Each structure stands twice: as C-alpha cells, then as structure tokens.
Amino acid sequence: MSIINSLKEIYKYRNMVNYFTRSELRNRYKGSVLGVFWSILNPLFLLLLYSFVFSFVMKISIPNYLLFLFSGLVPWICFKSSILTSSGSIVGNGGLIKKVYFPREIIVLSSVMSNFINMFIALILIVPLLFVYQVPINKYYLLLPLVIIVQFIFTLSLSMIVSAFTVFVRDLRQILDIVMMGLFYTTPIVYKTDMIPEKIQDFFNINPIAIIIKFYQDVIYHNQMPNIMSLAVLSVCCIAMLYISHKIFSHLSKWFAEHV
Amino acid sequence: MEAIRVEALSKKFVLNNRPKMLKDWILMNDRQKKKEFWALKNININIHKGESVGIIGRNGSGKSTLLKIISKILYPTLGSIETFGNVSSLLELGAGFKQDFTGRENVYLNASILGMNKQEVDKKFQSILEFSEIEEFIDQPVRTYSSGMYMRLAYSVAVSSNPDILLIDEILSVGDSKFKKKCIDKIMELKSIGTTILLVSHSDSMVQRVCDRLIWLDKGEMVMDGISEDVMAKYSEKMI
C-alpha cells in the first residue's frame with residue numbers, strides 16, 4: 001500500500017490511535033497510588049541516581065550536572081522506551097490482530113505516542129531545575145518543537161522496523177535490551193561530547209540519537225544556538241527512513257496474523 | 001454492481017512452523033519437515049451488492065479462512081480478492097474490548113477499531129445502548145460484565161457501523177433467545193437496506209432465513225454455489 005493511502009487510512013482510524021494511546025498510558029500506571037506522577041518520579045529518580053554516581057562519586061567535571069543530565073536523559077528515555085515497548089507491541093496485541101482488521105501501523109504509532117506524552121510530562125521537571133540553577137529560559141527554546149518532530153519521525157520509523165521483525169524473530173526483544181544499554185553509554189548523555197578522545201569522535205558524530213540529544217543539550221544546558229544544519233540533514237534521512245520502514249512494515253504486516 | 005470479487009484464491013498454511021532455534025541452525029537440523037496445508041484451493045466467487053450469501057461446510061472446510069481473507073486479516077497465497085465498499089466484520093465479538101475501560105469507553109474504542117469517528121459514535125450511542133440492553137451498567141468497567149452483557153454490547157457496536165458489506169462468523173450464539181431474535185431482525189433490516197451479507201454458520205435455520213444464495217465448501221474446495229434451497233438440499237443429503 002502506498003504511503004498516501006496508508007496515511008488516509010490512519011486518518012480514518014484516528015480515533016483508534018487516540019484510544020490506544022490513552023489505554024497504554026492508563027495501563028502503565030494502572031492501580032498505582034501516584035498514577036501519572038510516575039512519569040515525573042521515574043526520570044527524577046534516575047537523574048538523582050546518575051548524578052550521585054557520576055557527579056558525586058566519580059567527580060565528572062560538568063557544572064550544573066543535574067541540568068546537563070536532564071537535557072539528555074529525558075529524550076533518551078523516550079527513545080529507549082519507545083523502541084522497547086513497540087518491539088513487543090505487535091506480538092502483545094496478537095489477539096486483536098488475529099481477529100480484526102485495522103491498519104497495523106496504529107499499534108506502533110500509539111505506543112510511540114504514549115512514550116512521547118510521557119516525555120512531555122517529564123519535561124515539566126525543567127521548571128524546578130531552571131529555578132534551582134538560576135538559569136534563564138532563552139529564545140532557542142522555540143526551536144525545540146523542530147527537534148521533537150525529527151525525534152518522533154526517527155523513533156517511529158525504527159519502531160516500525162523492530163515491531164515487525166520481532167514478530168518473526170522473537171529474540172529481537174532481548175537483543176534490543178542489550179543494544180539500548182550499549183547505545184546509552186556510547187551516546188553523550190552522562191558525559192559531554194568533548195570528553196571523547198578525538199580519534200574516535202567521528203564515530204560518535206554519526207549516531208543519530210546523539211545529534212538529537214545534542215540539540216536538547218545546546219538549548220537547555222548550553223544556552224546556545226543548536227546545530228540546525230545537522231538537524232536538517234538528519235530530518236531528510238529520517239523521512240527517507242520512514243518511507244522505507246513503512247514499506248517493509250506493510251509488506252511484513254500481511255503475515256502478522258499467522259505468526260503472532 | 002460487484003461487492004466482493006474472489007479470483008483463483010488459494011491459501012496455504014505452513015504447519016509445524018516452530019521457529020528455528022539456534023540449535024537447529026548449528027546442527028543444520030532441517031529434519032523438521034514443513035508440512036503444507038492448503039486451506040483454500042482455487043476459489044472463485046463473485047458477490048453482487050445487496051446479495052446475502054451463506055458459506056456452509058463441515059469443520060475445517062476453509063469457511064472461516066475465507067472470511068478472514070475477505071476481511072483482510074489474512075492474505076491470500078495465490079489469487080486475488082477485492083472488496084468494494086465499507087467492510088465490517090463480526091468475526092470475533094469483543095476482541096478489542098479493554099477490561100478496565102467502562103462499557104461507554106469500550107463502545108467508543110471498539111467503534112474506532114471498526115473505523116468510525118467520534119461524531120458518528122456520538123450520534124449512534126443512544127441506539128447502541130438501547131440495543132445492547134446494558135442500561136445503567138454502561139459506566140461500569142466491562143470486567144464486571146457477565147459474558148452475555150459483554151457479547152450484547154460488542155454485537156451492538158458491530159452492527160451499528162452501517163457497513164456496505166457485513167461479514168458474520170458463527171456469532172449468533174449470543175445471549176438469550178430474545179436477544180438472538182433481535183440480532184436476526186437487525187441483520188434482516190440491514191439486508192433490506194441493501195447491505196451485502198456474507199455469513200458463515202453451522203445453524204441451518206439461520207442460514208436459510210438470511211441467505212438467498214449458498215456456497216458449499218469442502219476441504220478448501222468449492223463443491224456447489226447456488227440458490228439456498230438447492231444447495232441446502234444437496235448438502236443435507238450428503239451429511240446424512
């Protein structure tokens with residue numbers, strides 16, 4: 001199915017995206033006392049833990065470390081959980097897929113969207129952080145929607161691939177756990193790019209998620225103009241990627257009902 | 001005008017397709033022979049708009065597979081299938097229900113899975129509620145429903161979508177006889193306004209009441225396709 005037709009169909013089923021996103025958010029905190037506050041508490045706890053380890057114990061020399069960590073960690077968590085939850089999403093909704101027709105993309109789309117909504121909630125933490133560190137808000141914040149859009153397209157296209165492949169190769173879910181851990185430490189999130197030995201810096205620069213995270217860090221932590229050029233290049237790549245991964249997804253989705 | 005066109009359709013399932021595990025790769029273990037099973041063999045059907053067609057046959061004759069292919073849940077191995085118009089399928093009622101959502105939320109959710117938008121459901125909500133006879137329980141989570149209530153609600157949503165083509169698979173074992181009658185009446189009503197109906201059932205009386213034409217499948221092959229009385233007569237003869 002062409003991408004235009006597919007978009008039309010997803011638009012027709014937009015209500016389903018809405019309900020599935022909501023139910024995913026609701027299920028995550030179902031029955032918990034603090035409910036949606038976990039979307040803030042979870043990253044907050046991680047922030048405090050990492051800053052204890054890297055700033056207090058290992059004495060990494062980055063001032064306002066908590067703010068630095070925040071600007072990288074929040075988009076990272078969103079990326080990581082999007083990939084991991086969508087990886088199991090098609091298999092997890094197997095019952096529905098076997099019984100009802102609907103555009104299968106919707107499952108992946110809702111699972112990515114629910115993670116982005118979580119990120120938006122976690123971004124509220126920025127208010128107390130800026131207050132504590134007495135950092136003013138700057139005009140570059142207006143550019144954040146750009147990076148969020150690119151991040152969304154990037155995450156969605158990867159999620160479509162992994163969700164479809166997981167149906168046929170179930171090990172992928174476990175493999176991704178390890179890959180994500182590796183990617184976390186090879187992406188400048190807990191340390192800065194300029195701490196990487198120069199010899200291998202080029203290797204780090206091609207990491208798309210690092211480009212996205214650098215953008216957040218530039219705006220929130222460094223108060224400087226982010227690199228629009230590299231984001232533009234990345235966005236072109238991401239759109240091409242989305243096109244290809246959609247092709248693969250809609251091809252593989254024909255066999256979902258038989259294999260889930 | 002055509003509603004459903006099935007051309008040279010065949011569907012193959014690979015049985016025993018246990019995923020290859022690492023040990024099979026290492027041992028180059030190809031011994032686990034892949035058994036093939038043709039659930040449908042070279043089926044050709046043309047259904048016109050407004051026709052109501054029943055598919056009969058014994059268990060494992062491929063009836064449900066055919067319906068699943070028409071509703072695009074499964075894809076054909078060979079041949080092609082085309083549908084013209086909105087398809088709504090009552091293959092499995094309540095498949096999309098979320099246990100923790102209330103009846104009301106599930107109506108909206110389930111309708112969205114059938115491709116309806118919010119305004120449409122708003123308009124139909126009252127009639128869905130009346131049809132289902134759920135009444136004040138509509139704002140309770142569906143996990144508290146009895147299985148009868150559950151099915152009634154699911155059924156009410158499914159028939160409310162006013163499809164051009166309605167696919168039904170053995171679901172009319174729903175509820176008590178009063179509700180069953182209501183369901184058949186609803187199907188007859190949809191039929192009278194020109195909905196194309198394709199029905200799979202074991203219940204002869206149901207098929208004979210609703211369908212003008214019957215298709216008889218056996219072991220994935222079409223045995224007969226014709227007017228209800230003729231096919232039913234041959235079919236019952238064979239079954240005895």
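Visitor: How many salt bridges are there between chain A and chain B?
Guide: This is a predicted model. Side chains of opposite charge can pair when their charged atoms come close. Between chain A and chain B, the count is 2 salt bridges.

Visitor: Which side chain of chain A meets B:Glu105 in a salt bridge?
Guide: Look for a nitrogen facing an oxygen. The N to O distance in this pair is 2.8 Å. The partner of B:Glu105 is A:Arg26.

Visitor: How much area do chain A and chain B bury between them?
Guide: Start with the residues. On one side, 23 residues of chain A are in contact, and they meet 28 residues of chain B. Carbon and sulfur atoms hold 57% of the buried area. The area buried between the two chains is about 2,400 Å².

Visitor: Which residues in chain A lose the most area to chain B?
Guide: Stay with the area buried between chain A and chain B, about 2,400 Å². Three residues of chain A together give 26% of what that side buries. They are A:Tyr19, A:Lys99 and A:Tyr101.

Visitor: How many salt bridges does a search of the whole structure find?
Guide: The search runs over all chains. One salt bridge joins B:Asp139 and B:Arg104, with the closest N and O atoms 2.8 Å apart. Over all chains, the search finds 19 salt bridges.

Visitor: How many residues apart in sequence are the parts that B:Asp139 and B:Arg104 tie together?
Guide: The two form a salt bridge. B:Asp139 lies in the loop between α4 and α5 of chain B, and B:Arg104 lies in helix α3 of chain B, so the pair ties together separate parts of the sequence. The separation is 35 residues.

Visitor: Are α3(B) and α4(B) parallel or oblique to each other?
Guide: Helix α3 covers residues 103-113 of chain B and helix α4 covers residues 118-132. Their axes come within 10 Å and cross at roughly 130°. The crossing is right-handed. Therefore α3(B) and α4(B) are oblique.

Visitor: How many charged residues are in the contact of α3(B) with α4(B)?
Guide: From α3(B) come B:Arg104, B:Val107, B:Tyr108 and B:Ala111. They meet B:Lys118, B:Val121, B:Asp122, B:Phe125 and B:Ile128 in α4(B). By class, this contact has 6 nonpolar residues and no polar ones, and the charged residues number 3.

Visitor: Are α9(A) and α12(A) roughly parallel or roughly antiparallel?
Guide: Now turn to chain A. The axes of α9 (residues 144-168) and α12 (residues 208-220) come within 10 Å and cross at roughly 160°. An angle over 145 degrees counts as roughly antiparallel. Therefore α9(A) and α12(A) are roughly antiparallel.

Visitor: How many nonpolar residues does the contact of α9(A) with α12(A) have?
Guide: In α9(A), the residues include A:Leu144, A:Val147 and A:Phe154. In α12(A), A:Ile209, A:Tyr216 and A:Val219 are among them. The contact has 1 polar residue and no charged ones, and its nonpolar residues number 10.

Visitor: At roughly what angle do the axes of α12(A) and α13(A) cross?
Guide: Helix α13 spans residues 228-252 of chain A, and its axis comes within 10 Å of that of α12(A). The crossing is left-handed. The two helices are oblique to each other. The angle is roughly 140°.

Terms used
Residues are numbered from 1 along each chain as its sequence is written. Chains are lettered from A and ligands numbered from 1 in the order in which they are written. This is a predicted model: local features need pLDDT of at least 70, side-chain atom pairs count only at pLDDT 80 or more; totals for chains, interfaces and linings use all residues. Side-chain values use heavy atoms; hydrogens and water are left out. Axes are lines fitted to C-alpha atoms, for helices over the stretch in contact, and angles run from 0 to 180 degrees between N-to-C directions. Helices (H or I, at least four residues) and strands (E, at least two) are DSSP runs, numbered from the N terminus. Angles under 35 degrees count as roughly parallel, over 145 as roughly antiparallel, 65 to 115 as roughly perpendicular and the rest as oblique. Contact means heavy atoms within 4.5 Å. Ala, Val, Leu, Ile, Met, Phe, Trp, Tyr, Cys and Pro count as nonpolar, Asp, Glu, Lys and Arg as charged, and the others, Gly among them, as polar. Buried area is the accessible area (1.4 Å probe) that two parts lose on being put together, summed over both. A salt bridge is a side-chain nitrogen of Lys or Arg within 4 Å of a carboxyl oxygen of Asp or Glu. A crossing is left-handed if the near helix is turned anticlockwise from the far one by less than a right angle, and right-handed if clockwise.
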